[in-house]
Amino acid sequence: MGSASSMLTQYDIEEVQEHCNHLFSQQEIVCLYERFCQLDRNAKGFISSDEFLSIPEFVMNPISQRLLKMVDGLNFKDFVAFLSAFSTKASAHQKIELIFRVYDSDHNGKVSFKDILEVLKDLSGSFMSDEQREEVLSQVLKEAGYSKDCYLTLDDFIKVLGQSGVKMDVEVPVD
Amino acid sequence: MNSKGTLKSSSSELDFDRPNIEDYLPSGVAIQQEPRGKLRLHDLLDISPTLSEAAGAIVDDSFTRCFKSNPPEPWNWNIYLFPLWCFGVFIRYLIIFPTRVLVLTIGWIIFLSSFIPVHLLLKGHDKLRRSIERSLVEMMCSFFVASWTGVVKYHGPRPSRRPKQVFVANHTSMIDFIILEQMTAFAVIMQKHPGWVGLLQSTILESVGCIWFNRSEAKDREIVARKLREHVQGADNNPLLIFPEGTCVNNHYTVMFKKGAFELGCTVCPVAIKYNKIFVDAFWNSRKQSFTTHLLQLMTSWAVVCDVWYLEPQNLKPGETAIEFAERVRDIISHRAGLKKVPWDGYLKYSRPSPKHRERKQQNFAESVLRRLEEK
């Protein structure tokens, strides 16, 4: 009788909502919880990388390995917090912060030339050579007023990405 | 989770089996507007489309949806319905279920007590033996259907036995086979199962000409392909039944059809099967339950309601490839049974997608960057 959703009490849902800054409605959280349980096959309380990789659409994503490091082993609260940046209610700042975190793989609060190159490598694979990537990147950095050796901070990201806004909305299917 | 060993994608041979996945993928994010103009830092740093795609896949994806079993809808939610529901449980488990077990046991006794002598004694009269065995298997399947009070409506002309034709059907559970088999003794191509099902496969079903293989064995594929060709040529062989999806889907979707059945040079007769989930979900989620549990679930429900349509035979059109033909037949079946089509290969349950698809995305990205770098 009891479906997965009934295992979340009002308190649980509110706690999760608190944790994600109320970027998801209660109904969306219930749906995310169902999805979480579905992916977490043995009900361990977290989703392993193997389970993420059972989603073909995810595996096909060029930056899936990078994202995997961010989402691997998250419990439900952190899972929702991670996804909250994709909520339609999330601000541009929150979205850019997530993008920044993807680039900043060593979590030192700044993104180096090499960090950007790494992501670029994921995105272009074998279809661009290392030289091409370096050339492209140093050229656009120079044009934007940065040099090859300087580090980009979150503020720089907001300056660069903030003007035209980022479209990064994912709808939670509520059914 | 399956073992790492099977994950080494057997991509090379699978690749030919599937049409271009990108053609089907949810548009919107996947198909971005061709960005124009000079490349700026902003364009390189903005990975939001790729990120959204990944998050979208985490939140919901069409592949997992295909294999999601629907939990039974509870209806015991108020004080008036609850006693009624309890009464129903009482009847289902304590009256109907034992009766059904009895029916099934009687079925087995009749079946085995005639099948074994026929099989052993009529060695010399192949034709007679085969036709008796055929009717016995059909009868046994009727007992099975009766054991879950199968309410099956068959639409369209019954299949006839003639050479050079194959029947293809969508696949929800092993009971598809039983339901079809009770009308006509089909020879079926199936995954080799462990346990008592495997025993039945190798002893009894062998006699109606069924062919077994192991999904993960590449060698088996060739052997099966050869056996298939031989089988369809024989005039007296039972009609061949193939479930080209290669795996059980929850009867809301159809996954891609394997092209094997469509390149035999035979007439393809589509069969659409649609279950009514009013009493029980007939989807066999082989990851979650064994076939025995699945059968018990069916036997303790009120009834299994389903519709079977024998659809118009199709032939390869001039200039059509096997894959296009398979897709056309999938269209016909999905349309009739009201199923949604998804671009996935059902074998992705057992292996990872080939890197080809990711490479295509990378290629698009790289080309766009390089082109825009030229633009000044």
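Chain A splits into domain 1 (1–90) and domain 2 (91–163), with bounds taken from an automatic or database domain assignment. The C-alpha centres of these two domains of chain A sit 27 Å apart. Six residues of domain 1 and ten residues of domain 2 make up the contact, where two residues count as touching if their C-beta atoms, placed from the backbone, lie within 7 Å. On the domain 1 side there are five nonpolar residues, one charged residue and no polar ones; here Ala, Val, Leu, Ile, Met, Phe, Trp, Tyr, Cys and Pro are nonpolar, Asp, Glu, Lys and Arg are charged, and the others, Gly among them, are polar.

A word on the model itself. It is predicted, so local features need pLDDT of at least 70 and side-chain atom pairs count only at pLDDT 80 or more, while totals for chains, interfaces and linings use all residues. Residues are numbered from 1 along each chain as its sequence is written, and chains are lettered from A and ligands numbered from 1 in the order in which they are written.

Between the chains, 46 residues of chain A meet 43 residues of chain B. Helix H9 (130–143) of chain A is one of the elements giving two or more residues to this side, and H9(A) gives the most, with five residues. Helices here are DSSP runs (H or I, at least four residues), numbered from the N terminus. By class, chain A brings 32 nonpolar, seven polar and seven charged residues to chain B.

The largest nonpolar core holds 126 residues, and those with the most contacts inside it include A:Val80, A:Ile99 and B:Val168. Such a core is a set of buried Ala, Val, Leu, Ile, Met, Phe, Trp, Tyr and Cys residues joined through C-beta atoms within 7 Å. Beyond its neighbours within four places in sequence, B:Val168 contacts B:Ile242, B:Pro244, B:Ala261, B:Val268, B:Pro270, B:Val271 and B:Val329. Over in helix H2 of chain A sits A:Leu32, which counts as buried because 24 other C-beta atoms lie within 10 Å (the cut-off is 20 or more; 12 or fewer is exposed, and in between is partly exposed). Leaving out residues up to four places away in sequence, A:Leu32 touches A:Phe24, A:Val80, A:Leu83 and A:Val172.

Then there is helix H5 (residues 81–121) of chain B, whose 41 residues reach 57 Å from first C-alpha to last, close to the expected 60 Å (1.5 Å times one less than the number of residues). H5(B) is hardly covered, with a buried count of one.
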